[in-house]
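Visitor: I have a structure to read and would like a guided tour. Please take it one feature at a time.

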Amino acid sequence: MLPVALPVDVLPRQPLAGLTSWKVGGTTEYLAQPRSVAQLASVVQWAVAMGLTIHPIGAGSNLLISDEGVQGLCLCLRHLQGVQMESTTGVVEAYAGEPLPTLARKTARAGLHGLEWLAGIPGTIGGAVAMNAGCQGSCLAERLVDAELLDPATGRRWRMREQDMAFGYRHSLLQDMAAAQRPWIVISVRLRTSPGHAPQRLLETIKANLSRRNRTQPCNFPSGGSVFRNPLPMTAGQLIDGLGLKGRRWGNAEISTVHANFIVNRGGAKARHIQALIHLVRDRVMGEKGIVLQPEIKHLGQFDQSLPSPVG
Ligand SMILES: Cc1cc2nc3c(=O)[nH]c(=O)nc-3n(C[C@H](O)[C@H](O)[C@H](O)COP(=O)(O)OP(=O)(O)OC[C@H]3O[C@@H](n4cnc5c(N)ncnc54)[C@H](O)[C@@H]3O)c2cc1C
């Protein structure tokens, strides 16, 4: 069989650290960052013909990428942007790569209420659907009408309604598909908002939310947000803080002194340092509280699951 030529939009052996909020991780075998749906479709078709595993990535704000890198195609959707707002019905349509803070501000300025809470989450709307991102008692599932999906295996494109997406706490069907090695890609979404509100009030809510985040989260170092899911009704942060683990370091990674469920990169940290602290927290919480903490962050690439905790 003739080799399939590399499309111009695909680059071999690209570093990934700069595409994540943690700023760690090795290189990917192939990287594509499509700017249109047509580009996306042709890159996906090429990857399938090559037998490559496809890894969809948004803003990389919930991802820990291995220092050893990633095999296959990292498909970064952050440049697939665009928003359309319907001011009478309040329906907002956005491409997968639209940044959440931008989406929150655009809708607030148009007097559309319901997405203000997204302003402090540094992801894309595609990633927010995959993760069912949430905060302040809201979550993406509550606002989703439907998502336009692409199944690389069949090339099929269709709209899936919110009620069919198996949403749960920081969970969606997309995570199950990725775990089954058959990732579906979010191309665009339709969201429900309430029209006719005073833009100034909505923008003030955003400002207040952001200043609360600045006080309660480490904003001066790169991080991946909350590392563990909250073992409700408790929070992971309270448990970790209660064990006196704030400030523990491994390499240049540190359990944040501001918010114990964040691990920050103090500069030059490696993914393995962050992973070692994740193991330390998991083992201490299990050993002393009998609670199994589940990671909220997603791992990409190979990690040594038997990694010993840093001593003490
Ligand atoms: C400082 C900070 C604060 C945060 N605060 C919050 C918070 O308050 N609430 C919250 O829920 N999260 C929070 N997060 C985590 C993160 O921002 C969210 O989970 C966000 O929704 C991830 O979006 P992303 O585009 O960065 O996805 P990525 O990190 O790139 O990917 C996350 C997962 O989504 C999948 N994915 C991404 N895009 C697509 C797509 N188009 N199609 C299919 N699958 C896709 C990936 O394969 C991966 O499994 C925070 C992170 C940081 C760094």
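**Reading the model, feature by feature**

Guide: Start in the loop between α4 and β12 (185–192), where Gln-181 sits. Keep in mind that this is a predicted model.

Visitor: Which loop holds Arg-170, and what is its phi?

Guide: Arg-170 is in the loop between β11 (156–161) and α4 (173–179). Its phi is near 50 degrees, again positive in a residue other than glycine. For the neighbour count, 20 or more means buried, and values between the two limits mean partly exposed. Arg-170 has 19 other C-beta atoms within 10 Å, so it is partly exposed.

Visitor: Which peptide bond is cis?

Guide: Look at omega. The bond from Leu-232 to Pro-233 has omega near 5 degrees, and it is cis. Pro-233 belongs to the loop between α5 (199–216) and α6 (236–242).

Visitor: Now the whole chain. How many helices and strands are there?

Guide: Seven helices and 16 strands.

Visitor: How does the radius of gyration agree with a compact globule?

Guide: For 312 residues, a compact globule would be near 20 Å; the chain has 20 Å, so the two agree. The C-alpha trace spans about 60 × 55 × 30 Å along its principal axes. Of the 312 residues, 43% count as buried.

Visitor: What do the contacts say about sequence separation?

Guide: Take contacts between residues at least 6 apart in sequence. Of these, 64% join residues at least 24 apart.

Visitor: Which span does UniProt list as a domain?

Guide: An unreviewed UniProt entry lists residues 23–196 as "domain: FAD-binding PCMH-type". In the model, that span is 22% helix and 31% strand, and its end C-alpha atoms lie 40 Å apart.

Visitor: Which residues are closest to the ligand?

Guide: Gly-58, Gly-123, Gly-126, Gly-127 and Gly-225, out of 32 residues that surround it. β3 (54–57), α3 (125–131), β8 (134–135), α4 and β12 each give two or more residues to this shell. α3 gives the most, with five. By class, the shell has 17 nonpolar, 14 polar and one charged residues.

Visitor: Why is the ligand said to lie between two domains?

Guide: Because domain 1 (10–76) and domain 2 (83–216) both give residues to the shell around the ligand.

Definitions and conventions:
Residues are numbered from 1 along each chain as its sequence is written. This is a predicted model: local features need pLDDT of at least 70, side-chain atom pairs count only at pLDDT 80 or more; totals for chains, interfaces and linings use all residues. Helices (H or I, at least four residues) and strands (E, at least two) are DSSP runs, numbered from the N terminus. The radius of gyration is taken over C-alpha atoms; the globule rule is 2.2 Å times the number of residues to the power 0.38. A residue is buried if 20 or more other C-beta atoms lie within 10 Å of its own, exposed if 12 or fewer, and partly exposed in between; C-beta atoms are placed from the backbone. Two residues are in contact if their C-beta atoms, placed from the backbone, lie within 7 Å. UniProt positions are given in the numbering used here, feature names are shortened, and annotations may be inferred rather than shown by experiment. A residue is near a molecule or strand if its C-beta atom, placed from the backbone, lies within 6 Å of it. Ala, Val, Leu, Ile, Met, Phe, Trp, Tyr, Cys and Pro count as nonpolar, Asp, Glu, Lys and Arg as charged, and the others, Gly among them, as polar. Domain bounds come from an automatic or database domain assignment.
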